[in-house]
Amino acid sequence: MNGWTPDAAGLEALETAARTRLDALPTMHLNRGTPLFYPGDSAKGFVVVLEGRVEVFLTGPTGRDILLYAVEPGGSCVQTTLGLLGGEAYSGEAVAATDCRIVLIPKPDFLTLMDGSAAFRRFVFTAFAVRMQGMLHVLERVAFQRIESRLAQALLDRANGDLVQSTHQELATAIGSAREVVSRRLEAFGKSGWVTTERGAVRIADAPALRRLAAAVE
């Protein structure tokens, strides 16, 4: 089977005409750190992530960033969907967090598929609903969960084995805090024997303790 759609999670039920239209679009490779859009940009098309991870950030008036969500294979970008369907400009910034393989569905093709393909429409709206639910969880964590609990969860989520290859600033962005705050909390975690810090990384020494902390509520 030719084309990229067999590699795209969530597009298995596409009609033949929609699949043919999509498979004619080229795949693109993005290096880690490549920006996809900035605040104020208009949506030019719908991105399907085939491999890798794209992170979407919101920057506050003080310059502090918060990670709104990440787009991985099978996921979608809320801001792009709103921009394509409602004409809203981007309020956040998207960056390739890893090397990525993506497909950009141009706006005219996206709108045609939304009108004519029930399977594509289900894919878009299902992914949109899942992403909105995830954003509500982010809001809930930032509003009601202690910084220590958010940091513990972020470490567990990002761990590859026992190693978290993230800087203090990246962790701060992920939990909606400041780098200095994260550094102090990591120092406290270290004194408790839960982690050790390295240059540009954190090594988890006591994952069960972090899981208990991540599950704690106010």
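Predicted model: local features only at pLDDT ≥ 70, side-chain atom pairs only at ≥ 80, totals over all residues.
Helices, in what I am going to say, are DSSP runs of H or I with at least four residues, and strands are DSSP runs of E with at least two, both numbered from the N terminus. By that definition, the protein chain on the screen has eight helices and ten strands.

Residues are numbered from 1 along each chain as its sequence is written, and side-chain values use heavy atoms, with hydrogens and water left out.

Let me begin with the chain as a whole. Its C-alpha trace spans about 60 × 40 × 30 Å along the principal axes. Of its 218 residues, 39% count as buried, where buried means under 20% relative accessible area, exposed means over 50%, and partly exposed lies in between, with a 1.4 Å probe and protein chains only. If we take the contacts with a separation of 6 or more, 68% of them join residues 24 or more positions apart, a contact being heavy atoms within 4.5 Å.

Now to one strand in particular. Strand β5, residues 65-71, is largely enclosed by the rest of the structure, because five of its seven residues are buried. Strand β4, residues 54-59, pairs with β5 in the antiparallel sense over six bridges, and two strands are said to pair if DSSP finds at least two bridges between them. Within this pairing, L58 has I66 in β5 as its bridge partner. As a general point, side chains in a regular strand alternate between the two faces of the sheet.

Next, the cysteines: how many disulfides are there? A disulfide is a pair of cysteine sulfur atoms within 2.5 Å, and by this rule the count comes to zero. For C77, the closest cysteine sulfur is in C100, and since 13 Å separates the two, they are too far apart for a bond. C100 is accordingly in no disulfide, the nearest cysteine sulfur being that of C77. C77 counts as buried because its relative accessibility is 10%, and C100 counts as buried because its own value is 4%.

Finally, I would like to look at P6, which lies in the segment before helix α1, residues 16-23. Is P6 buried or partly exposed? At 43% relative accessibility, P6 counts as partly exposed. Although P6 and D23 are 17 residues apart along the chain, their C-alpha atoms are separated by 9.2 Å.
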